[in-house]
Every structure is written in C-alpha cells, then in structure tokens.
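Morning, everyone. Please look at the screen while I talk.

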Amino acid sequence: MSGTTAGDGESLAEVQGEVEQALSGLAVDAPLVGIIMGSASDMPVMEKAAKELTERGISNEIRVMSAHRDPDTVADYSKNAQMRGLKVIIAGAGLAAALPGVVAAHTALPVIGVPLTSSMSVAGGLDALLSIVQMPPGVPVATVGVDNAKNAAALAARIIDTA
Ligand code: AIR
C-alpha cells in the first residue's frame with residue numbers, strides 16, 4: 001500500500017492540493033478594504049473611494065448598512081471583518097454619523113470615517129464631522145474631510161502599503 005488515501009482512490013496530497021488551490025483562489029478575490037455607508041443616498045460620494053482603490057489595484061467591497069436602521073448587520077459585519085481578510089474599513093455617514101464609531105467599537109481594524117453631507121445636513125456637514133471625529137479615547141476613527149471619500153481610499157492604500 002503506498003501513500004495515504006482520502007477515499008475514492010484520491011491521495012491525501014491530491015486533496016490537499018485541491019483545497020490549497022481553492023483557498024488561494026479565494027484569497028486573490030478577497031477584498032482588502034470594506035467600504036460601507038449609512039444609506040444608498042450616500043453612494044454617489046462613497047463610490048469615489050471604490051473607484052480610487054480599484055485604480056490602485058486594491059480589492060474592495062461596497063455595502064450599505066446603517067448604524068441606526070440596521071444595527072445588527074453593522075455589528076456582524078464589523079466583528080467578522082478581520083476574519084474575512086479585510087485590512088481597513090472605510091465608513092461614511094451623514095447627520096448623526098454613528099457608523100464609523102460603531103464599527104470601531106466592534107473591530108480592531110483601522111477605521112476611516114468619511115463625514116457626508118446630505119439633504120438634511122446642518123452647517124455643511126459639520127454635524128457628521130463632529131459625530132465621527134470626536135471619538136472617546138481608546139477607540140480611534142481616522143477622519144477625512146467632508147465628502148472626501150477619495151482621501152479615505154488614499155489613506156487606506158497607505159495603511160495597506162506600509163503594513
Ligand atoms: N444615516 C443613516 N442611518 C444613520 C445615519 N446617520 C445617514 C446616512 C445619510 C443620511 O442619514 O448616512 O447620509 C440620510 O439618509 P437617507 O437614507 O434618509 O437618505
């Protein structure tokens with residue numbers, strides 16, 4: 001008898017090879033940056049982050065989830081992010097913009113917040129800016145300028161390139 005078999009006449013080495021191939025395929029496609037936002041109305045601004053990352057060859061995914069309207073989804077996404085292979089999360093929201101802070105509360109990954117303007121913004125988005133930047137000590141959110149999703153992507157690229 002030669003070699004260990006894994007059933008159906010396939011050797012263990014063959015099965016391991018197939019598993020490794022399947023996993024490496026997954027790793028190639030796995031997003032490194034998660035881009036999330038509080039509403040579909042934020043998409044026109046936030047998709048600029050995806051465009052910038054894609055142009056830099058950095059894999060990314062983009063999702064809509066609200067810290068206030070879908071709190072369980074946000075918690076699950078944040079808790080699973082590191083295990084899924086994400087390296088940075090970019091989170092954009094307008095108004096009482098809790099999303100980046102809530103994400104940072106649930107993950108050790110670096111979180112970049114994008115304060116957004118919306119139809120109900122006050123003071124040109126200052127509401128969202130303060131909601132995002134004024135995090136309590138120990139739970140940081142790196143914050144870019146109002147509506148500046150492109151800079152969030154550029155910062156995510158620097159974090160990934162220097163890690
Ligand atoms: N928002 C959604 N859930 C919590 C917050 N803070 C934000 C969105 C959007 C704004 O509320 O990020 O910028 C308005 O959302 P909508 O869906 O009414 O257009």
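In which helix is K51 found? K51 sits in helix α2. Keep in mind that this is a predicted model.

Now, is K51 buried, exposed or partly exposed? K51 is partly exposed, because 14 other C-beta atoms lie within 10 Å.

Next, look across from K51. Its C-alpha atom is 8.7 Å from that of A153. Along the chain, K51 and A153 are 102 residues apart.

Helix α2 covers residues 43–55, and helix α6 covers residues 149–162. They pack at an angle of about 35°. Their axes are 7 Å apart. The crossing of α2 and α6 is right-handed.

Which residues of α2 and α6 meet? From α2 we have V45, M46, K48, A49, E52 and L53. On the α6 side they meet A149, K150, A152, A153, A154, A156 and A157. By class, this contact has ten nonpolar residues, three charged and no polar ones.

Look at the spacing of those numbers. An α-helix has 3.6 residues a turn, so residues three or four places apart point the same way. In α2, the contact list includes V45, A49 and L53.

Now another helix. Is α4 mostly covered or mostly uncovered? Helix α4, residues 99–106, is mostly covered, with six of its eight residues buried. Those six are L99, P100, G101, V102, V103 and A104. What covers them? The cover includes three strands, β1 (33–37), β3 (88–94) and β4 (111–116). It also includes helices α3 (71–81) and α5 (126–133).

Finally, zoom out. The protein chain has six helices and five strands. From the N terminus on, they run α-β-α-β-α-β-α-β-α-β-α. The radius of gyration is 19 Å, well over the 15 Å that the globule rule gives for 163 residues, so the chain is more spread out than a compact globule. Along the principal axes, the C-alpha atoms fill a box of roughly 75 × 30 × 30 Å. Buried residues make up 34% of the 163. And take contacts between residues at least 6 apart in sequence: 67% of them join residues at least 24 apart.

How values were computed
Residues numbered from 1 in each chain as written. Predicted model: local features only at pLDDT ≥ 70, side-chain atom pairs only at ≥ 80, totals over all residues. Axes fitted to C-alpha atoms, helices over the stretch in contact; angles between N-to-C directions. Helix = DSSP H or I, 4+ residues; strand = E, 2+ residues; numbered from the N terminus. Left-handed = near helix turned anticlockwise from the far one by under 90°. Contact = placed C-beta atoms within 7 Å. Nonpolar A, V, L, I, M, F, W, Y, C, P; charged D, E, K, R; others polar. Buried ≥ 20, exposed ≤ 12 C-beta atoms within 10 Å, placed from the backbone. Rg over C-alpha atoms; globule rule 2.2 N^0.38 Å.
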